[in-house]
Amino acid sequence: MVQMLLEGTRDTLYMTLMATLFGYVLGLPMGIVLAVTDKNGICANKIVYKVLDFIVNLVRSVPFLILLILVIPLTRLIVGKSYGSTATIVPLVIAAAPFIARMVESSLKEVEQGTIEAALSMGAGTGTIIWKVLLAEARTSLLVGVTIAVGTILGYSAMAGVVGGGGLGDIAIRYGYYRYETGVMIVTIIILVVLVQILQGLGMMLSRKLDRRRREL
């Protein structure tokens with residue numbers, strides 16, 4: 001049982017961290033596009049914003065368990081199977097990307113308009129403003145967003161246990177629920193809580209350090 005819980009913890013961390021990584025590969029550009037094409041953005045484009053906004057809202061409105069089932073054909077196409085920790089990464093990324101995009105958009109919109117206008121007045125291009133102004137000024141908020149995303153994705157990975165997604169959620173369902181082993185259920189919950197606290201604690205510590213360095217500059 002101890003070996004199984006250790007493997008479940010490893011699989012949960014694997015799913016969570018990989019899904020967060022690929023979620024940001026998709027969600028970060030989406031969030032940037034949403035921020036810069038908004039009506040007050042540096043590249044305002046109503047059509048692009050509305051289309052991307054609709055897609056993000058559409059995916060976010062689908063409950064994760066339903067999304068998990070809906071994308072089974074896509075998961076099989078990409079991974080070759082629809083169960084296990086690696087297969088669960090696919091729906092986790094699809095669910096996480098729109099959530100991450102919204103957090104990135106919100107973080108970038110917190111950057112003071114005066115800072116952006118100053119960069120524009122000095123002839124800075126769109127790429128320069130995005131990289132050296134928006135992302136640089138919002139880095140503390142973005143890191144807090146990463147911390148929130150990791151906690152949310154960790155919760156999603158536990159729900160994937162309902163359909164054999166692997167990890168601690170799968171152990172909790174198979175042993176704690178189906179076999180009525182309450183002790184296993186309690187242990188998996190405790191491990192999940194500890195993992196969330198550790199990951200969020202590390203993220204908040206890093207964000208505070210970045211914010212302190214920024215103020216010193």
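I am working from a predicted model.

Next I looked up where T188 sits, and found T188 in helix α10, residues 182-216. Is T188 buried or exposed? I noted a relative accessibility of 0% for T188. Buried means under 20%, so T188 counts as buried. I also checked the side chain of T188, which reaches the backbone oxygen of M185 at 2.7 Å.

Then I turned to aromatic rings. How many aromatic pairs does a search of the whole structure find? I got 1. The pair is F64 with Y156, and I recorded it as stacked, with 4.8 Å centre to centre and 10 degrees between the planes. I looked up both positions: F64 is in helix α3 (residues 64-70) and Y156 is in helix α8 (residues 139-159). They are 92 residues apart, so I wrote that the pair links distant parts of the chain.

I checked accessibility for both rings' residues. F64 is at 6% and therefore counts as buried. Y156 is at 23% and therefore counts as partly exposed.

Last, I looked at a helix pair. Two packed helices are described by the angle between their axes and the distance between the axes. For helix α1 (residues 2-37) and helix α5 (residues 85-109), I wrote down an angle of about 40 degrees and axes 5 Å apart. That angle makes α1 oblique to α5.

Conventions: Residues numbered from 1 in each chain as written. Predicted model: local features only at pLDDT ≥ 70, side-chain atom pairs only at ≥ 80, totals over all residues. Heavy atoms only, no water. Helix = DSSP H or I, 4+ residues; strand = E, 2+ residues; numbered from the N terminus. Buried < 20%, exposed > 50% of the residue type's maximum accessible area, 1.4 Å probe, protein only. Polar contact = N/O pair within 3.5 Å; in protein donor to acceptor, adjacent residues only side chain to side chain. Phe/Tyr/Trp six-rings, centres within 6.5 Å; stacked < 30°, edge-to-face > 60°. Axes fitted to C-alpha atoms, helices over the stretch in contact; angles between N-to-C directions. Parallel < 35°, antiparallel > 145°, perpendicular 65-115°, else oblique.
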